[in-house]
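Have a go at each one before reading its solution.

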Amino acid sequence: MATARELAREQMNERILELGRRQLAEVGAAGLSVRALTRELGVSSSAVYRYVANRDELLTRLIVDGYDSLGEAVEHAGTGRGSALARWRRCCAAMREWAEQNPHRWALIYGSPVPGYQAPQDTLAPAGRVARVLAMLLQDTGARPRPPMAPPERRLLGNLEQAAALFDTELDGATMLALISVLTRLVGTLSLELSGHLVGTAEPAEAYWSWLVEELAHELGLVDPDG
């Protein structure tokens, strides 16, 4: 059982994240301020700095929090019954729903780099959670992506095979190449939609997204068992 001190520390960390997310929505990543957190918390600056040392640490916490939140949503969507195609559709729907509900957090993790900030190594594992879900989906179902039109460099395939090992899968480089290609298009499309760049072209955006999800499923070799 957690002690009162441990509970108080956990509550303070949660409060810092909550206020950090609010700042993110109001002033953007570049405007984040630990000093502003101190004012909102109504405590001394020395008390806050025991939990978060500076702006970069606050940014890192918010980035990890964003990746973990999105990862949990996609992981939950990808579990359970259903065909590989059904699970794929649920994962994509979860990505879009999370992005629409958390546009500022999405922009933080997938948008432009924050000037003067260098993400530390401990952001890498959370950043890979969505890709890992999709990699496991391909491995579990034995899906075979369509071969690429142009052969990739051998070095690229080798790096992708190393990435597959980080996801606890044994996917080959060609399958990982297809997966990363698909994932970048999903992320890019959502980023364009959230920033208003699909207005006047790919509208309604939901219809374009639905088409894209099916098109990319075909590229990955995910087929409807009844079709």
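**Exercise 1: the largest pocket**

Work out which helix gives the largest share of the lining of the largest pocket.

Solution. Helix H10 (residues 173-194) does, with six residues; helices here are DSSP runs of H or I, at least four residues, numbered from the N terminus. In total 13 residues line this pocket, and Pro145, Arg146, Pro147, Pro148 and Ala178 sit nearest its centre. By class, that lining splits into six nonpolar, two polar and five charged residues.

A note on the source: this is a predicted model, where local features need pLDDT of at least 70 and side-chain atom pairs pLDDT 80 or more, while totals for chains, interfaces and linings use all residues. Residues are numbered from 1 along each chain as its sequence is written, and side-chain values use heavy atoms, leaving out hydrogens and water.

**Exercise 2: helix H8**

Check the length of H8, then find what covers its buried residues.

Solution. Next, its buried residues (under 20% relative accessible area, 1.4 Å probe, protein chains only) include Val130, Val133, Leu134 and Leu137. Their cover includes H4, H5, H7, H10 and H11.

**Exercise 3: Arg129**

Is Arg129 buried or exposed, and which side chain does its own join in a polar contact?

Solution. Arg129, in H8, counts as buried because its relative accessibility is 19%. Its side chain joins that of Asp68 at 2.8 Å, a polar contact being a pair of N or O atoms within 3.5 Å, one able to donate a hydrogen and the other to accept it.

Notes. 1 Å grid on protein atoms, 1.4 Å probe; cavity = no way out; pocket = protein on both sides within 12 Å on 5 of 7 lines; lining within 4 Å. Helix = DSSP H or I, 4+ residues; strand = E, 2+ residues; numbered from the N terminus. Nonpolar A, V, L, I, M, F, W, Y, C, P; charged D, E, K, R; others polar. Expected span 1.5 Å × (residues − 1). Buried < 20%, exposed > 50% of the residue type's maximum accessible area, 1.4 Å probe, protein only. Contact = heavy atoms within 4.5 Å.
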